[in-house]
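This report is meant for someone meeting the structure for the first time. Please look over the sequence and the model below before reading on.

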Amino acid sequence: MIAYALDDPEPREFGVRWIAVTALKYLGVRARSAEGALRRALQDPNPRVRIEAAVVLCQGQESEPAVAVLEAALDEPALSMRRYACEGLGEALSALGASEAGQRCVAALARALSDGEDPVVDAALCQLGRASFRAAAGSALRRAHMTDTRAWVRAAARSVLEQAE
């Protein structure tokens with residue numbers, strides 16, 4: 001029933017689709033029956049719906065083309081969507097682990113460290129700093145610690161690296 005809500009035809013009222021995809025996210029692996037609707041949601045006109053659909057697909061280990069949607073969301077014009085994309089990449093990474101798709105998530109979060117907006121960089125640092133990701137994210141964090149022009153980014157990256165030791 002929830003999967004049908006993902007196909008709500010009203011593009012301006014994305015709320016129905018967003019609530020449906022969020023509900024599927026909390027169902028976890030039981031959401032596999034909605035895989036077709038989730039794949040269609042990757043093309044939704046609203047980036048929030050696309051990001052959530054990608055996260056749900058990654059939870060079910062269906063990472064292609066979900067990771068590509070998350071990577072592309074880092075180029076959204078709205079700062080809030082780029083920040084939300086970082087959070088989605090972190091959630092996807094939790095599900096994908098050290099797989100090739102998980103490494104793509106790490107690389108995308110590393111790219112987000114060079115975003116010009118501090119809230120996006122902060123979100124990327126938070127996701128890269130999660131204990132389970134520190135080893136995979138080490139090179140990106142070291143690069144941020146050594147070369148970023150913002151003192152707070154260098155300090156945050158150093159802090160995360162010290163926690164990993």
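## Overall picture

How much accessible surface does the protein chain have, and what percentage of it belongs to carbon and sulfur atoms? The accessible surface comes to about 8200 Å², and carbon and sulfur atoms account for 55% of that area. These values refer to a predicted model.

The protein chain contains ten helices and zero strands, so that, read from the N terminus, the order of its elements is α-α-α-α-α-α-α-α-α-α. Of its 165 residues, 47% count as buried. Among the contacts in the protein chain with a separation of 6 or more, 54% are made by residues 24 or more positions apart.

## Helices α4 and α6

Helix α4, which covers residues 47-59, packs with helix α6, residues 79-96, at an angle of about 10°, and their axes are 8 Å apart. Because angles under 35 degrees count as roughly parallel, α4 is described as roughly parallel to α6.

On the side of α4, the residues in contact are Pro-47, Arg-48, Ile-51, Glu-52, Val-55, Cys-58 and Gln-59, and in α6 they meet Met-81, Tyr-84, Ala-85, Gly-88, Glu-91, Ala-92, Ala-95 and Leu-96. Sorted by class, this contact has ten nonpolar, two polar and three charged residues.

In helix α5, residues 66-73, the buried residues are Ala-66, Val-67, Val-69, Leu-70 and Ala-73. Why do they lie on the same side of α5? They cover an arc of only 155° around the axis, and that places them on the same side of the helix. As a general point, an α-helix has 3.6 residues a turn, so residues three or four places apart point the same way.

With α7 in particular, the axis of α5 comes within 10 Å and crosses at roughly 0°, which makes α5 roughly parallel to α7. Val-67, Ala-68 and Glu-71 in α5 meet Ala-101, Arg-104, Cys-105, Ala-108 and Arg-111 in α7, and by class this contact has five nonpolar, no polar and three charged residues.

Leaving aside residues up to four places away in sequence, Ala-112 touches Leu-74, Cys-86, Val-120, Val-121 and Ala-124. The C-alpha atoms of Ala-112 and Glu-71 are separated by 9.5 Å, although these two residues are 41 residues apart along the chain.

Thr-22 belongs to helix α2, residues 14-27, and with a relative accessible area of 16% Thr-22 is also buried. From C-alpha to C-alpha, Thr-22 and Ala-53 are 8.0 Å apart in space, while 31 residues apart in sequence. Asn-46, by contrast, is found in the loop between α3 (35-41) and α4, where its relative accessible area of 16% makes Asn-46 buried. A separation of 9.3 Å is found between the C-alpha atoms of Asn-46 and Arg-17, which are 29 residues apart along the chain.

Definitions and conventions. Residues numbered from 1 in each chain as written. Predicted model: local features only at pLDDT ≥ 70, side-chain atom pairs only at ≥ 80, totals over all residues. Heavy atoms only, no water. Axes fitted to C-alpha atoms, helices over the stretch in contact; angles between N-to-C directions. Helix = DSSP H or I, 4+ residues; strand = E, 2+ residues; numbered from the N terminus. Parallel < 35°, antiparallel > 145°, perpendicular 65-115°, else oblique. Contact = heavy atoms within 4.5 Å. Nonpolar A, V, L, I, M, F, W, Y, C, P; charged D, E, K, R; others polar. Buried < 20%, exposed > 50% of the residue type's maximum accessible area, 1.4 Å probe, protein only. Areas by Shrake-Rupley, 256 points an atom, 1.4 Å probe, with all protein chains shown as cover. Arc of directions from axis to C-beta.
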